[in-house]
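Then let's walk through it together.

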Amino acid sequence: MQKQLNLPKARGEKVWDTIGIGSYLATVIFLIIIWRQLPEQVPLHMGLTGHVDDWATKESLFLLPAISIPMFTLMHLLGKNPHVHNYPARLNEKNAASFYLNSRKMINKIKNIMVLIFCFIEVEFSLIALGWINDGHAWLMIIMVLAVFYPIAEGMMKQRKIK
């Protein structure tokens, strides 16, 4: 039982996509606006303490937005093809739509949370480079990375309830 079903996008998926795409566009616009103010060297990496431990040219700030596009696209395509995801043996004609929708929602949340994390890093590095803040917020970054696991846990718990 691995056939494609035409399931309309759920409201939550549309909301997550709007948040992810909106954040991406806002971050790129922010970068364009501040570009001339940025120094030639900007943060490239920070340790778990939030202190910057590596610097690079300001052009390196294009790296995360550039990575976001193929990552978002690949995960979007994966979400559009839930029939190729891995499912338990109890998958059948009656519950396929529930399994597919659950899996698609999980992928959608992960995809957009990753975009949000990249946007957060981009803005934080820009603010440090401009001298508007001194250090990063390592605890917030840890929370954001852990947030990626929330949709996975949520999806797995919902999948267990599908009969």
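Start with two helices that pack against each other: α1, covering residues 11-34, and α3, covering residues 96-130. Their axes lie 9 Å apart and meet at an angle of about 20°. Angles under 35 degrees count as roughly parallel, so that is the label α1 and α3 get. Their crossing is left-handed. What kinds of residues make up the contact of α1 with α3? There are 15 nonpolar ones, along with seven polar and seven charged.

Keep in mind that you're looking at a predicted model. The chain averages a pLDDT of 91, and 98% of its residues score at least 70. Among the elements, α1 has the highest mean pLDDT, at 96, while helix α4 (residues 138-147) has the lowest, at 82.

Now step back to the whole chain. It has five helices and two strands, and from the N terminus on they run α-β-β-α-α-α-α. The C-alpha trace spans about 60 × 30 × 20 Å along its principal axes.

What about the inside? Of the chain's 163 residues, 41% count as buried. In soluble globular proteins, nonpolar side chains tend to be buried together. Here, the largest nonpolar core has 28 residues, and Leu 38, Leu 61, Val 115 and Ile 117 are the ones with the most contacts inside it. At least two residues of this core come from each of α1, β1 (41-46), α2 (63-80) and α3. Which element gives the largest share? That's α3, with 14 residues.

How values were computed: Residues are numbered from 1 along each chain as its sequence is written. This is a predicted model: local features need pLDDT of at least 70, side-chain atom pairs count only at pLDDT 80 or more; totals for chains, interfaces and linings use all residues. Side-chain values use heavy atoms; hydrogens and water are left out. Axes are lines fitted to C-alpha atoms, for helices over the stretch in contact, and angles run from 0 to 180 degrees between N-to-C directions. Helices (H or I, at least four residues) and strands (E, at least two) are DSSP runs, numbered from the N terminus. Angles under 35 degrees count as roughly parallel, over 145 as roughly antiparallel, 65 to 115 as roughly perpendicular and the rest as oblique. A crossing is left-handed if the near helix is turned anticlockwise from the far one by less than a right angle, and right-handed if clockwise. Ala, Val, Leu, Ile, Met, Phe, Trp, Tyr, Cys and Pro count as nonpolar, Asp, Glu, Lys and Arg as charged, and the others, Gly among them, as polar. pLDDT is the predictor's confidence in each residue, from 0 to 100. A nonpolar core is a set of buried Ala, Val, Leu, Ile, Met, Phe, Trp, Tyr and Cys residues joined through side-chain atoms within 4.5 Å. Buried means under 20% relative accessible area, exposed over 50%, partly exposed in between (1.4 Å probe, protein chains only).
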